[in-house]
Amino acid sequence: MKHTLVALVENKPGVLTRVASLFRRRNFNIESLTVSETEVPEVSRMTIVVDASRTNAALVEQNLLKLVNVIAVEDVTDKPIVSRDLALIKVKANKETRTEIMQFVDIYRAKIVDVCPDSLIVEVTGPEAKVQTLLDLLRPFGILEMVRTGRVAMVRGSGAYAGNGHPPENGNENSPHDANGRQGLLPA
Amino acid sequence: MQLTGAEIIWESLLREGVEVLFGFPGGAILPTYDALSKYPQIHHVLVRHEQNAAHMADGYARASGKVGVCMATSGPGATNLTTGLATAMMDSSSIVAITGQVPTKALGTDAFQETDITGVTLPITKHNFLVTRVEDLARTIREAFHIARTGRPGPVLIDVPKDVQIAQTEFVYPTEPVRLPGYRPQPSGSPEQVRKAAALINAAQRPVILAGHGIIISGAEDELMALAERCDAPVATTLLGISSIPESHPKCLGMMGMHGEAYTNLAIQNADLVVAIGMRFDDRVTGNLASYLPHAQVIHVDIDAAEINKNVPADVGIVGDAKAVLKQLLPLVESRGHGEWWAQIEEWRKDVRARDIIHQEFPDEVLLAPHVMRELWRVTGGSILVTTDVGQHQMWEAQYFRHDRRRQLITSGGLGTMGFALPASMGAKFARPDEEIWCVVGDGGFQMSIPELATIVQEKLDIKIAIINNGFLGMVRQWQELMYDRRYVATPLLQPDFVKLAEAYGILGLRVTRQTELAPAIARARAHRGPVLIDFRVEEEVNVFPMVSPGRALHDMIRRPLHVVATDVTK
């Protein structure tokens, strides 16, 4: 079972090192980690995917929260989320194969973003499974190069993280602590 | 007021209530040391090695409950601090370390004495800071003290480049509460979880309370006692939980774990409910996890949420300060008696007494370390503060000294650091100058601390040093005897003449080789004003029992033999 954690961290030098160092030190097995800016300049957002069969996702969450620069962490696995992965795939293409590739790209609502006489770059966005299926379909044509972002995720609905670590602003007054008295951050 | 970074450091330390710090100067911290001349109200203790500065700050913190401070220069000065920081990290001790760093322009160039100390100490500090602007210095120091002393305490390092120490800015020490968006320790427990815990406690037939360092850190000794008395539950302590409850109290079972008494470990393994407070189920406490607590439900109270369910799954986890949670819990706990359970524990206890070497007769010249510990306790009336290192002497002290007073033992538990006891005793002396302080240390560990004898003399510290001298790295030798067919590789060790060594430093040195010499020597050391070193020549090949071998179940102990055969193979 893969768990998706969303972490808001202070946008300061060395914070990524602290997070990466924590994973190494605690022997946590991380499938992917993405970092980006948010709507608040002082805050960065990480999406972390943990294989829970090898690593206890709750311990990852609690240890992340222990880092002083980590403002909030939420395991969004069981929430309604939009989760996306983006891949750029450079695939071999010639007169004979190009049409077939373009059909696959079309079916998967991917895009061709670069064309050469003997190759194409395909941009595909979606849940990992979709990206993976398209990748598998393109593989027989010859994949020259591939890059993926790893998962980014967002909970559906109008509730939002308050980037400054303040309680969510949608008026939800639920306790930020779960049954074990742990600190969470998202509206229920 | 325009001040230099160096002056800001001292002004800020003053505002944090710092009266003493432990350090060693060097190039990159020189501006700060130079400014110290303007602050006579702060006492700087010049150590002989930076590692000991960190241990002294640690000992100061544990003896006082305040933040200990140490200081070092960049590069080797800073890296020398690391063992002390790691020790403080493992034992949740609040220290702030300030290090000099090469000027900001030289950062990353492998300049002379440059080490990326914030990188190095990332996993062994609670948090650390590299201050690159003098404007950030005061606020950073304030945050560092706040982080070090609150929540689960720990070491915080502040790295200050030389140019930041020299640069000037307007000094305003922040007075508003520290606000760190990602740092909000949870003071009290979830009421719902507390109610669940109370229900389990009220329904238990064979409860045991496991008390850890968290009780002492949060000052919850009274609440612990109240809980134990109300639900008639025995209290076992971790090594660092020793003195959270008086060991003479009938409810106290003493130390649990690898070298805990058999009745203590048997009580834990037969309990139907374990209430663990401010402890983290270290492997030295649990033995093999698969066979740990076969019958018990678990209530786990800790300020650090990441400790709950880390090693032992909790039926009820409560995140919060031990004192606050106990205060929430107490009104919900019903008064109970567990006569049958206590009768069983008393059975086990009787059997243990029969085996205790203290109750066996030995010829006078057979001096055992337990004799030393018991006499030290008896002669001093248990009124002293003891520091220990790691190893056999540490376990014997824990077993045979009866700790009835609060904050009475300072020892390196989690990291097991040799060379901790002596500097820790020095730090403790600064925190509690009126206290009689004994550093109990092995001959191996002491040889890691010898240079600080000069500091003891320079600072006129009245510390009594008890060397438990068995000519071996004793605990390692014990493992070699039990697990490596008695191949004593690299464990026999030569010592200098400790008495002459003491005299060379101007310290009174005594030697004890017989049981009858114990009490007079201890009395003489106590009567002497100033430091004393006693070289206790104890039997060499004696093991600490009971012992749970690594990987074995907690109830699967090697018990004390009914008759100890005192052998001395080297003579």
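Chain B has an average pLDDT of 96, with 98% of its residues at 70 or higher; pLDDT is the predictor's confidence in each residue, on a scale from 0 to 100. The exception to look at is residues 566–571 of chain B, where pLDDT is below 50 and the stretch makes ten contacts beyond near neighbours in sequence. A contact here means two C-beta atoms, placed from the backbone, within 7 Å. Where pLDDT is low, the predicted coordinates should not be read in detail. For the model as a whole, ipTM is 0.89 and pTM is 0.93.

Some bookkeeping. This is a predicted model, in which local features need pLDDT of at least 70 and side-chain atom pairs count only at pLDDT 80 or more, while totals for chains, interfaces and linings use all residues. Residues are numbered from 1 along each chain as its sequence is written, and chains are lettered from A and ligands numbered from 1 in the order in which they are written.

Next, the cores. A nonpolar core is a set of buried Ala, Val, Leu, Ile, Met, Phe, Trp, Tyr and Cys residues joined through C-beta atoms within 7 Å. Buried means 20 or more other C-beta atoms within 10 Å of the residue's own, exposed means 12 or fewer, and partly exposed is in between, with C-beta atoms placed from the backbone. The largest core has 208 residues, and B:Val274 is one of those with the most contacts inside it. Beyond four places in sequence, B:Val274 touches residues including B:Leu210, B:Ile268 and B:Val298. A separate core has 13 residues, among them A:Val91 and A:Leu134.

That brings us to chain A. Of its 188 residues, 30% are buried. Chain A has four helices and nine strands, taken as DSSP runs numbered from the N terminus: H or I of at least four residues for helices, E of at least two for strands. Chain A is split into domain 1 (2–80) and domain 2 (82–148), and their centres over C-alpha atoms are 30 Å apart.

Last, the interface. How many residues of chain B are in contact with chain A? There are 21, meeting 23 residues of chain A. On the chain B side, strand E14 (residues 316–319) gives the largest share, three residues.

Key
Domain bounds come from an automatic or database domain assignment.
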